[in-house]
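Here are my notes on the model you sent over. Have it open while you read, and go through the points in order.

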Amino acid sequence: MNTLEGKVVVITGAGSGIGRALAIEAAGAGAKLALSDWDAEGLAETVDLVKQIGAEVRSDVVDVSDRSAMAEWATAVAEQFGQVNVVVNNAGVTVTGDFEEMTYEDFDWIVGVNFMGVIQGTKEFLPHLIASGDGAVINISSLFGLISMPGQSAYNATKYAVRGFTEALREEMLIAGHPVTVTCVHPGGIKTGISRHGRKTASQDAEAIDNLFEKKLARMRPEKAASIIWKGMLAGRARVLVGMDAHLIHHAAKLVGSRYQDVVARGHKRVLPPTD
């Protein structure tokens, strides 16, 4: 695929952040859009923005962790547009805190959205992507799908899972000769509301965590991230790192190998806010 013009692009988590920015850029490139989010208000705002550009758009309030809802959405999108060319599994959530404080319910929630949402979005739309003759899957992992951090065990688990699944899927598409490219995206700190809308365990200072993310760690605007992601997909790249922090931290971790875990553990007090 070398252009988004005239393509049918599906984006989950399109109500804000990277998802909204991806939708706006795709609309500007002439794509037709099928957008979803659990947040009806945010989704409506995105729809208004892409309609101002002149895009044809369908929007649905969908919980990506709901398998039946995802199946119904995929069928409806394919019936309305006649084809599907691109699916961006972007929806994601966070749970911050030490593993020993997390509940099974916390893990069920984050796995349902971050991993099963990706699985279900890919499974339901893949037949349509293959049938299109010019398809692409973009799965949003994270820098934390390449390295691990304390307080992010649940998030790390899901984002590593997305990476493993996506890389295996790419290999299968190549072996089968299907006309579908597969790209795994690893953003660093992007200015989105993911931290503020996420969960924290009881001992965490939620406001301090959100302020740390928004004021110090999230340095890139979603619009810039979206541009990098679309450029990487159109180039057929298997992996897209988004942000200087993603590049630097990933390559530093590769340089020292598994010893990066000891470095992170020793330096965490200088980076992470204190717990209660």
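Predicted model: local features only at pLDDT ≥ 70, side-chain atom pairs only at ≥ 80, totals over all residues.

**Notes on helix packing and the cores**

1. I110 has a relative accessibility of 0%, so it counts as buried; the cut-off for that is under 20%.

2. What does I110 touch, leaving aside neighbours within four places in sequence? Its contacts are V93, T94, V95, F115, A154, Y155 and T158. For a sense of scale, H247 lies 137 residues away from I110 in sequence, and the C-alpha atoms of the two are 25 Å apart.

3. Staying with α4, look at how helix α3 (residues 67-81) packs on it: the angle is about 30 degrees and the axes are 9 Å apart. Angles under 35 degrees count as roughly parallel, and that makes α3 roughly parallel to α4. The crossing of α3 past α4 is right-handed.

4. Which residues make that contact? From α3 you have R67, M70, A71, W73, A74, V77 and A78, and from α4 there are M116, G117, Q120, G121, E124, F125 and H128. By type, the residues in this α3 and α4 contact come out as 8 nonpolar, 4 polar and 2 charged.

5. Now the other helix pair. Helix α1 (residues 17-28) packs against helix α2 (residues 40-53) at about 20 degrees, with 9 Å between the axes. α1 and α2 are therefore roughly parallel to each other, and α1 passes α2 in a right-handed crossing.

6. On the α1 side of this contact are R20, A23, I24, A27 and G28, while α2 supplies G42, E45, T46, L49, V50 and I53.

7. On to the cores. The largest nonpolar core has 34 residues, and the ones touching the most other members are L4, I11, L33, V86, I138 and W230. Elements giving two or more residues to this core include α1, α2, β1 (8-11), β6 (135-140) and α7 (222-234). Which element gives the most? That's α1, with 6 residues.

8. I138 deserves a click. Not counting residues up to four places away in sequence, I138 touches V86, V87, V88, N89, T183, V185, I229, W230 and M233. There is also a second, separate core of 30 residues, with V95, L126, A154 and L169 among them. Two of these, V95 and A154, are also on the contact list of I110.

How values were computed
Residues numbered from 1 in each chain as written. Heavy atoms only, no water. Axes fitted to C-alpha atoms, helices over the stretch in contact; angles between N-to-C directions. Helix = DSSP H or I, 4+ residues; strand = E, 2+ residues; numbered from the N terminus. Parallel < 35°, antiparallel > 145°, perpendicular 65-115°, else oblique. Left-handed = near helix turned anticlockwise from the far one by under 90°. Contact = heavy atoms within 4.5 Å. Core = buried A, V, L, I, M, F, W, Y, C linked by side-chain atoms within 4.5 Å. Buried < 20%, exposed > 50% of the residue type's maximum accessible area, 1.4 Å probe, protein only. Nonpolar A, V, L, I, M, F, W, Y, C, P; charged D, E, K, R; others polar.
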